[in-house]
Amino acid sequence: MGNSNRVLKVGIIRFPCSNCDFDALKFFQRFGHRPEFIWYKETKLKPFDLIVLPGGFAFGDRVYKKATGSFVIDPGTQALTSPVMIVVKKAAKSGVPILGICNGFQILVKAGLLPGRLIQNKSKLFFCDWTTCRVVGKSVFGDKRLLNKLLKLPVAHGYGRYQVSKSEYQEIKNNSQIFFEYVDINPNGSYKNIAGVSNKQGNIFGLMPHPERSPDGKYFIRAIEKYVNK
Amino acid sequence: MSTSNIPKQLAEAMSSEHTSYTSTKKYLNTLYTKGKYVIQGPGENAGIVDLGKGWALALRMESHNHPSFIKPYHGAATGVGGILRDIFTMGARPIGTLDLLRFGTNAKSKKLFKEVVRGIADYGNCVGVPTVGGDIYFDKTYDKNCLVNVAAFGLIKKKNIIYGNALTPGSDLIYVGGRTGKDGIGGAQMASSNLDFLDERAVQQADPYLEKLLLEACCELAQTNWIEGMQDMGAAGLLCSTTEVALRGRKKTNLNLGSKVYLNRVPTKSPRMSPVELLLSESQERMLIVGKKKFKSKILALFKHWDLEAHVIGNVTDDGKYTIVYDSPKSKNISLEMNFDDIVRDFHTPWPLKDWTVQKSKYIDPSQTLKKNIWQQYDWMVGTRTIKGPNEPGHFAVLDLPEVGKQLIVCWGSDEGRSNLNPAKGIEYAFDKCYRRMKKLKATPLGLTNCLNFGHPEISMGAFVTTIQALSNRARSRKVPIISGNVSLYNASLNHSIKPTPILVMVGVR
């Protein structure tokens with residue numbers, strides 16, 4: 001059995017305009033772990049126990065057209081061409097656990113590391129408030145202790161409406177990849193109240209709500225500790 | 001190129017009410033501004049109070065009323081951008097903002113209101129500074145002049161505070177951030193006249209992404225010993241910032257400091273800009289750094305890391321002059337040397353102090369549903385300090401300050417329509433509301449900032465002076481110093497002036 005008190009080395013990817021970077025850093029520090037920032041231009045990573053893509057507006061949510069310098073709003077897309085994404089994908093393949101929160105979730109979905117799409121909220125407005133979510137499916141990093149637990153976590157996003165086709169939905173449902181769903185309010189119009197999904201292998205998790213902003217975030221930390229130490 | 005009329009044009013811009021508070025200065029000088037917690041009072045980019053344990057809080061409030069009426073989305077967004085820069089110019093990391101809004105009751109006002117909220121949300125959310133509170137009221141008096149006031153506060157280690165000054169001849173004037181364009185030329189003058197003959201071109205474009213990069217870079221720079229000053233380019237842009245750093249430095253050092261600016265080195269986004277346009281443009285997200293010569297390459301490298309464009313555009317001199325130069329191309333080769341007195345002149349004639357004429361329109365406090373719909377569009381939790389945000393009632397916010405083991409209490413209050421009947425009673429009501437809240441929460445008030453929104457000085461100056469006197473008396477008797485603030489006059493259109501609308505923000509700790 002692994003030592004559950006082992007200090008985790010956490011790499012937090014910092015894109016220009018990642019604005020929950022310090023929140024994520026403080027979150028892991030609070031539980032005695034050792035987080036550090038990884039700048040988006042990095043091409044080599046030291047070994048990490050967990051990689052986090054934090055919330056924010058990487059590159060201002062913009063995608064620039066090279067020729068004209070004009071841009072369109074499309075969260076996550078501009079981050080895909082960042083040098084660090086090559087190493088993130090490599091780490092993902094070798095089974096390193098990865099957590100994407102909010103904008104980090106958007107990036108992981110755009111990168112094809114997680115299924116589905118995240119589009120603009122049904123209201124067309126940014127929305128920030130508390131939500132209640134239920135842990136389902138594979139649970140958070142496979143931690144069965146958390147199944148069916150209700151967690152109070154806030155959301156803060158304009159592009160968090162989760163969409164999948166019917167066949168994709170059947171697939172991720174059958175694989176228990178949906179691990180988090182809204183229960184009281186659906187803040188963005190997500191399909192089937194989906195708030196978070198994992199990849200098929202179960203090492204990459206993404207969600208729109210912010211565990212680092214909530215006392216209930218401790219359950220995420222515990223689940224990650226258990227996963228890493230297993 | 002003829003340069004003979006340049007000094008006059010520059011002097012006119014510098015003397016606008018918005019830039020230099022010409023007609024209000026003598027009254028503002030009477031305010032109660034000192035106290036045991038005050039590190040920096042009015043006169044800098046933001047006021048600063050001591051939080052203890054080596055930490056301090058920068059605080060400032062500003063209006064962006066005129067731009068928000070003309071171009072609500074960008075006007076409101078750049079209002080947020082400007083106030084955030086006032087905070088991080090001092091080296092402080094912004095940890096919260098408040099938005100205090102007043103709109104009319106006609107159809108246009110409803111549209112303005114939606115766009116203003118969207119502008120504030122898009123800007124603040126992207127930069128990642130939580131909007132922890134605010135208020136909103138409606139009154140027909142604001143039909144032709146909406147009010148968009150923004151307050152911001154930030155944390156800084158006392159030893160890292162940066163002032164908007166130059167100290168040493170030979171230091172570099174470094175320009176960083178957005179390129180200079182024709183947007184916002186005349187913005188300062190616009191804010192200092194009635195809203196009758198104005199056009200959209202005086203309103204700047206907002207770029208929160210650029211602001212966020214600037215914020216991070218400036219906060220990193222504040223932790224080094226590479227620079228001796230920092231000044232954001234706000235009203236009257238490059239001109240005001242390059243003169244202000246020299247003038248503040250002259251006072252502090254008693255040296256005959258001057259500024260020399262090479263206009264051909266200023267990065268531009270619009271073609272063929274004249275010297276006056278370059279100097280007066282109010283393009284957003286630009287900063288002036290006064291860098292120590294020997295750290296030039298380090299400073300430029302830090303900005304490069306943050307993907308920011310930075311150029312040395314001039315130097316601090318010891319000739320006591322303000323000089324603009326084109327040293328390339330040769331055809332443009334000019335050099336214009338001016339005395340600071342030529343640019344910073346007082347064109348002001350005093351206004352009469354008339355009694356305020358009471359208006360009859362109704363002051364409306366909207367429903368909780370409407371308010372909820374606003375604050376849910378703002379990220380009020382990013383930064384994970386928000387203990388009491390807008391989700392619970394009450395005109396105050398509570399933020400966690402683990403750095404000093406305390407909680408920050410931020411209270412805001414306005415006259416809520418009372419100044420119209422009695423200007424002194426209005427400001428006293430606002431002050432008492434904040435002060436009583438502090439006491440109720442068992443907090444020690446440290447200082448306050450304010451935004452005094454008034455109509456045309458011809459008919460509002462009397463109410464303004466009464467307000468200032470009543471505020472100063474209350475502040476003195478309760479020992480809550482005024483550490484920064486903003487005056488917005490000319491909230492008027494044709495013969496109509498808005499009701500006097502003073503707004504206060506008080507900070508304290510417990």
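**Before you start**

Residues count from 1 along each chain as its sequence is written, and chains are lettered from A and ligands numbered from 1 in the order in which they are written. Because the model is predicted, local features need pLDDT of at least 70 and side-chain atom pairs count only at pLDDT 80 or more, while totals for chains, interfaces and linings use all residues.

Colour by pLDDT, the predictor's confidence in each residue, from 0 to 100. Chain B averages 91, and 93% of its residues score at least 70. The model has an ipTM of 0.95 and a pTM of 0.94. Where pLDDT is low, the predicted coordinates should not be read in detail.

**Stop 1: the sheet of chain A**

Select the strands of chain A. Helices (H or I, at least four residues) and strands (E, at least two) are DSSP runs, numbered from the N terminus. Nine strands form an open sheet in the order 2-1-3-6-13-12-11-8-9, with mixed pairing. Two strands pair if DSSP finds at least two bridges between them. Strand 2 (34-39) and strand 9 (150-157) of chain A are the edges, each pairing on one side only. From one strand to the next, the twist averages 25°; axes here are lines fitted to C-alpha atoms, for helices over the stretch in contact, with angles from 0 to 180 degrees between N-to-C directions.

Now zoom in on strand 3 and strand 6 of chain A. Three bridges pair them in the parallel sense. Pick A:I51: opposite stands A:I98 in strand 6 of chain A.

**Stop 2: helix 3 of chain A**

Select residues 103-110 of chain A. Seven of the eight residues in this helix are buried (20 or more other C-beta atoms within 10 Å of the residue's own; exposed means 12 or fewer, partly exposed in between, with C-beta atoms placed from the backbone). Among them are A:F105, A:I107 and A:L108. The buried residues of helix 3 pack against strand 3 (50-53), strand 6 (98-101), strand 7 (117-119) and strand 13 (204-207) of chain A. Step just past the helix to A:G112, which takes a positive phi of about 80°.

**Stop 3: where the chains meet**

Show both chains. Contact means C-beta atoms, placed from the backbone, within 7 Å. By that rule, 20 residues of chain B touch 20 residues of chain A. On the chain B side, helix 6 and helix 8 (208-222) give two or more residues each. That side holds ten nonpolar, seven polar and three charged residues. Ala, Val, Leu, Ile, Met, Phe, Trp, Tyr, Cys and Pro count as nonpolar, Asp, Glu, Lys and Arg as charged, and the others, Gly among them, as polar.

**Stop 4: the two domains of chain B**

Colour 31-160 + 384-509 as domain 1 and 162-343 as domain 2 of chain B; the bounds come from an automatic or database domain assignment. Their centres, over C-alpha atoms, are 27 Å apart. The contact draws 34 residues from domain 1 and 32 residues from domain 2. Helix 5 (72-88) of chain B is among the domain 1 elements there, and gives the most, with ten residues.

**Stop 5: strand 8 of chain B**

Select 227-232 of chain B. Six of the six residues in this strand are buried. Strand 8 runs antiparallel to strand 10 (residues 286-291), joined by five bridges. B:M230 has B:I289 as its bridge partner.

End on B:E228, in the same strand 8. Why is B:E228 counted as buried? Because B:E228 has 20 C-beta neighbours inside 10 Å. Beyond four places in sequence, its contacts include B:A166, B:S171 and B:K292.

Key: Contact = placed C-beta atoms within 7 Å.
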